[in-house]
Amino acid sequence: MNMMTNKELGFADLLKNGQTLKQFRDGIIERTKATGYYNGQEKLEFRDSDPIGYEKLFSKLRGGLVHARETAKKIAASPIVEQEGELCFTLYNAVGDCVLTSTGIIIHVGTMGAAIKYMIENNWEANPGINPGDMFTNNDCSIGNVHPCDIATIVPIFWEGRLIGWVGGVTHVIDTGAVTPGSMSTGQVQRFGDGYMITCRKTGVNDTPLRDWLHESQRSVRTPKYWILDEKTRIAGCHMIRELVEEVIRADGIEAYEKFAYEVIEEGRRGLMNRIKAMTLPGKYRKVSFVDVPYKHEDVQVSSAFAKLDSIMHSPCEMTIKPDGKWRLDFEGASRWGWHTFNAHQVAFTSGIWVMMCQTLVPTQRINDGAYYATEFRLPKGTWCNPDDRRTGHAYAWHFLVSGWAALWRGLSQSYFSRGYLEEVNAGNANTSNWLQGGGINQDGEIHAVNSFEASSCGTGACAVKDGLNHAAAIWNPEGDMGDIEIWEMAEPLLYLGRNVKANSGGYGKYRGGCGFETLRMVWNAQDWTMFFMGNGFMNSDWGMMGGYPSATGYRFEAHKTGLEQRIAIGDSLPLGGDLDPTRPDYERHIDATAVVKRDKQCMTTEDCYDNHDLYLNYLRGGPGFGDPIDREPKAIENDLNQKFLLPEYAQKVYGAVFTQDAKGVFAVDVAKTAARRAEMRKERLARALPTREWMKEERERIINKHAAVQVQHMFATSFALSEKFTKEFKAFWSLPADWQLLETELNVPTYGSKHRMDLSLLPDVTTVVQVEE
Amino acid sequence: MSTYTNEQVAHLVEGSLDWETTFRMLSMPKDNSRFEQYLKALQAKVSFKDKIVLPLGPHLYIVQSAKTKQWVTQCDCGHVFGDYRENWKLHAAIYVRDTEEAMTEVYPKLMAPDTQWQVYREYYCPSCGTMHDVEAPTPWYPVIHDFEPDIEAFYKDWVGLPVPERAD
């Protein structure tokens, strides 16, 4: 017969049902759309007919995923993985929808799923083929990865020759071979500087990594030792989970497994809606957050002149909780993406919010794609959270993501508060920075890069019944840990001269935000060493709640030509401990008077040189506060004073505390005098205030006259250009004349990219996967 | 499902609930009766006679006016900010920290935002001076109407309570 076989046609029949993966996936999407239930599953047959068997299967798989993570991470040498737990393993069904995930950086519930879907939509089954024993590697941010340092290994799972699912493992590597060292480096302004980029590449066959891949990848990064062991970690975990699935199928049958792999997603969808109804309140919530992008400063050195401007990320969120328990998250009005590394793909956004939600709304072990199906996302195309240009850089997408999600926290916390679940209220999160990064020749004489993950332990937001936790967590990793000093000193040529709670870093309030901490590092035994700063400085991303203040912003301290080598040799005093009160700096009294010190709010810098005995302050931020500070219990203020969490000046000015200090330095707050002082403060507040509508008249004049810093105007101009609705609402609120407008072109700043853009979908033979309303 | 006594919920509101019970509240499925108990605890605390319909903040409520049955936003000192559908902040007293001097009143040097980028807007009750909210936007940002609850759906469909009478 002169008929072409499936082989010639390039049809792999991986599912053994005559359908391509794309056809199969299209069917699921259609059934979900038509019925409202994932894959049309109005009834959950397996769960309802055999609930104990269903739960047993859940426990085996979930336990196995967590076990694989805990075991595999011991292979890694990178402290980011081994100490901080920056890894995650996720099980997918055949179409790349997440079934279950491990603990860890569970933002990757959806990112590896997006990679699988990209392979499905772009016919990977025909070329390069999908076979048992294959491995695929992905870190491409333009198809859904968060940032390039999250490297994913994806392994298909077959049963009796049929594709039944996938397992993915991701680790946050210490260096990606970007323009500058560190996993989330600054300085590059486009994807092309973000480092080694791998798009769902087949990197292994027969369970063995391909030699060309090993050779190429290891020399593409600065830290091959860590890179190799990170990959072994991912492969080991994926293979453990693949074996687990085989074991489960042998014990429970393929039919039960496959039913579970689809029913649990519908169960996750219903689970989120039930949680929304059980904990929140229907209505509209509007919140907004911002991030400073101070690129005009001389310490931000970039290759492209068009990136040299100060700008602001704008993330307005309208969260609508519907009476049926569904919710819609609409980011209409968001500002445009930019020439920096903080842009985020839509999947980083839609997948990422579950790392946050599992810490508040859905604190369950059943985190999967079901929650995505219960959520309507609207991320307008062209914004920072859904770029429409294939050149965008993403190395530190978290900078905007974490801040963008702040609006959701505050909206949810409003609903918890109004409903009486005060124990769930969380005023917000820390801006999880600073990121101490850099590289050069380390103490072992090797080319090296560092990214201190001390940011895993920032202060948490205040609750409505208690203070936030000090130096405890980061929103992007529920398993975060600051790491041991001894381990960091082995990984980095930087000695610790201090590690202290950062006074006044938690936002004030009836309940204060958790304080962050600060570590003073001295460069030691390095050669040609560089470092840079990355964090917020000019602005706060999270606000306080219901009368509480935002946390303190960041600042930087670095010192060169310190003379410390000599001071150590002669036993002179040294800068030790915390930078207790930056209004009255003390470090400078313990280094040479001729030292070169940078002490300012420029918390975003690029790679700069550090000699041995130079200093770097790594200040990790605090969380926001809740409630009016003059409602704070005097005893709590006393405790903060005695533990140096709060400077005395601000106990007086912000909290109205009246106190004494005894000969031993112990503070005691006088309750009666404090109450009297607070009564005066109420009067002082009203004496300095204006009726809001009166103040609005003054502010309107400033808008009419375009009186605001360029970065503020730039933010509004990019939002106006993308959103007619936001523009109309803005003009209506301020009663602006019909012809009032604000264009980027009138700001005398670079406008490169403001008009001419090209999306990835316009490349030949590329089908992108769109999972949000744009 | 856990249940809690009115006394326990009152302690939660006061911030004086023991940690063991607070932890149980956090870790166990939510108690459906909480909202009713919460309203009861709050109503016992406030000095006004108006019925609390929905708490908005530690000192701010949507209440049903005892006299007119209208729903209004009200401070616990009794100050009325206007119809519950309006943005109460537009009827508040505002103080904007938009200079370095004003910012360093509340934060050490370098630890507050640069007011060329971000300002703090403090919203006070015009009668008692309670600070109900601190906004932290850029200059020019509209006053945010941050919460429009669907109270009827909540009462009727979610917690199964009769919707308080409302005169418009």
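Two residues are said to be in contact if their C-beta atoms, placed from the backbone, lie within 7 Å. By that rule, residues 24 or more positions apart account for 45% of the contacts in chain B with a separation of 6 or more.

This is a predicted model, in which local features need pLDDT of at least 70 and side-chain atom pairs count only at pLDDT 80 or more, while totals for chains, interfaces and linings use all residues. Residues are numbered from 1 along each chain as its sequence is written, and chains are lettered from A and ligands numbered from 1 in the order in which they are written.

Chain B holds 5 helices and 8 strands, where helices (H or I, at least four residues) and strands (E, at least two) are DSSP runs numbered from the N terminus. Along the sequence, the pattern of chain B reads α-α-α-β-β-β-β-β-α-β-β-β-α. The C-alpha atoms of this chain fill a box of roughly 50 × 45 × 30 Å along the principal axes. Of its 168 residues, 45% count as buried, with 20 or more other C-beta atoms within 10 Å of their own.

In chain A, 7 strands form an open antiparallel sheet in the order β2-β1-β5-β4-β3-β6-β7; two strands pair if DSSP finds at least two bridges between them. The edge strands, each pairing on one side only, are tabulated here.

| Edge strand | Residues |
|---|---|
| β2 of chain A | 98–101 |
| β7 of chain A | 208–209 |

Strand β1 (residues 87–93) of chain A pairs with β2(A) in the antiparallel sense over 3 bridges, and A:Tyr92 stands opposite A:Cys98 in β2(A).

Definitions and conventions: Buried ≥ 20, exposed ≤ 12 C-beta atoms within 10 Å, placed from the backbone.
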